[in-house]
Amino acid sequence: MPLAFSAAGALVAMTVTGLASAPGASARPGGAFSQGPGNSAGAALVSQGKQTFRFDTFGDESFWGGTLQLNKTIEGAAHGGIGPGLSPNEALALGLKVDVSALPGSVQQGILNGTINLNDPAVTLALLKLNAVVGVKGFFDSNGSLSSVGIECALCHSTVDNSLATGIGHRLDGWANRDLNVGAIIGFAPNLQPIATLLGTDVATVQKVLSAWGPGKFDAELLLDGKAFQPNGTSSAALIPPAFGLAGVNLHTYTGWGSIPYWNAFVAVLEMHGHGTFIDPRLDNAAQFPIAAANGFGHVVANPDLVTPKLPGLQAYELSLRAPKPPPGSFNPAMAAAGKALFDGPAECATCHVPPLFTEPGWNLVPSSAVGEDNFEASRSPTGMLRTTPLAGLWTHQKGGFYHDGRFPTLLAVVQHYNTVFNLGLTPAQENDLVQYLLSI
């Protein structure tokens with residue numbers, strides 16, 4: 001999705017000594033990185049990938065700033081741009097997050113006591129200069145003007161713990177930012193004509209499409225197939241997935257486009273508009289991907305290539321991101337225990353969601369008909385199928401609903417759906433026990 005960002009590069013869990021500094025990670029003596037020079041090299045690769053995930057734009061500022069001119073509306077006319085500018089409060093309302101670790105103590109105190117005006121776009125520029133806006137990098141000229149702006153993987157796949165204030169806290173890498181209104185952010189850019197031209201439509205239509213996404217969603221295939229809306233008239237945008245808990249999982253994203261390094265390359269080049277090489281001849285299928293085929297999106301070559309050298313480290317870091325355990329008191333332990341017995345037994349959930357991966361070991365794609373779902377989303381993928389979603393850490397991404405498009409508002413609605421589709425005969429009490437178990441893993 002050239003319109004949205006970051007994607008399914010994901011995953012869990014190397015419980016190793018070298019990852020003690022990664023969010024959610026834990027150290028364990030004798031882990032893979034605790035022995036020998038090869039393991040030291042592995043730890044260095046994880047560290048490199050963390051830097052890439054958090055701070056690398058892959059040169060995409062030439063698109064977000066240079067082409068769409070998003071920097072101008074962020075800056076505002078009072079500071080050399082156009083319009084009123086973007087204040088911190090407006091940015092937070094769009095779901096953007098601020099890394100408290102990047103803020104000097106005086107700034108933290110000023111936010112707490114109100115002496116820093118969060119309604120002033122000049123404060124947004126100051127935050128960008130501090131490199132404190134998660135997933136967004138500002139580029140400033142010698143006069144201090146915002147000359148361009150780029151995005152990073154962390155924009156969609158990190159949030160914060162709100163430790164200082166709502167939207168301001170320590171980074172939680174790998175967590176889906178279900179507050180992020182990607183469509184509104186893109187729509188804030190003053191020059192959407194390049195997107196309209198690619199889609200073969202007008203800017204007003206592009207704005208209508210973007211405004212239909214809503215918080216926590218983006219459309220990964222829009223600039224590949226041009227299908228902005230589902231047959232029922234709702235947006236084709238999908239929920240931003242978490243980027244943790246997927247170590248050992250075969251294919252990633254809702255429809256299994258590819259592995260972690262595949263998706264990282266896809267996102268960095270086609271979605272973030274970074275300068276890199278990406279190859280996938282499946283996008284030459286003009287019947288399925290008319291826009292991608294016409295524009296050669298399956299055969300992108302860049303020189304210099306700012307993406308490919310970063311893929312190993314990026315994958316290593318993503319594989320270090322563990323699915324976070326739910327906080328005490330967030331689920332009913334007795335009900336969860338009863339739910340686990342159902343999950344592993346009569347409800348047959350573990351047949352596909354095999355613990356501890358909570359997806360199929362090996363081939364983890366199924367036809368949409370097998371889970372009682374329409375085929376629209378699956379038909380937009382080269383696989384034509386849906387991935388069995390790994391379930392660890394579900395408690396972190398309940399906002400926005402479940403399934404790829406949030407069609408089920410709660411976990412209970414998901415359980416009820418499967419109870420009906422598979423004729424499980426679960427009682428309401430058993431359905432609720434399963435929900436508590438899902439919240440516990």
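Predicted model: local features only at pLDDT ≥ 70, side-chain atom pairs only at ≥ 80, totals over all residues.
1. What radius of gyration would a compact globule with 441 residues have, and what value does the protein chain have? A compact globule of that length would have a radius of gyration near 22 Å, and the protein chain has 22 Å, so the two agree.

2. The overall dimensions may be described next. Taken along the principal axes, the C-alpha atoms of the protein chain fill a box of roughly 65 × 50 × 45 Å. The chain contains 18 helices and 12 strands. Of its 441 residues, 55% count as buried.

3. The contacts show how the chain is connected. Among contacts between residues at least 6 apart in sequence, 68% join residues at least 24 apart.

4. A pair of aromatic rings is described by the distance of the centres and the angle of the planes. The structure holds 17 aromatic pairs. In one of them, the rings of Phe53 and Tyr317 have centres 5.7 Å apart and planes at 65°; since planes over 60 degrees apart count as edge-to-face, the pair is edge-to-face. Phe53 belongs to helix H1 (residues 36-55) and Tyr317 to helix H14 (residues 311-319), so this pair ties together parts that are 264 residues apart in sequence. Phe53 and Tyr317 are both buried.

5. A further edge-to-face pair is formed by Tyr403 and Phe408, with 4.7 Å from centre to centre and 85° between the planes. Tyr403 and Phe408 are likewise buried.

6. Aromatic residues also occur in a group. One aromatic cluster is formed by Trp257, Tyr262, Trp263, Phe266, Phe278 and Phe289.

7. Is Thr57 buried or exposed? Thr57 lies in the loop between H1 and helix H2 (61-67). Its relative accessible area is 6%; because buried means under 20%, Thr57 is buried. Leaving aside residues up to four places away in sequence, Thr57 touches Lys137, Phe139, Gly150, Ile151, Glu152, Met272 and Gly274.

How values were computed:
Residues numbered from 1 in each chain as written. Heavy atoms only, no water. Phe/Tyr/Trp six-rings, centres within 6.5 Å; stacked < 30°, edge-to-face > 60°. Helix = DSSP H or I, 4+ residues; strand = E, 2+ residues; numbered from the N terminus. Buried < 20%, exposed > 50% of the residue type's maximum accessible area, 1.4 Å probe, protein only. Contact = heavy atoms within 4.5 Å. Rg over C-alpha atoms; globule rule 2.2 N^0.38 Å.
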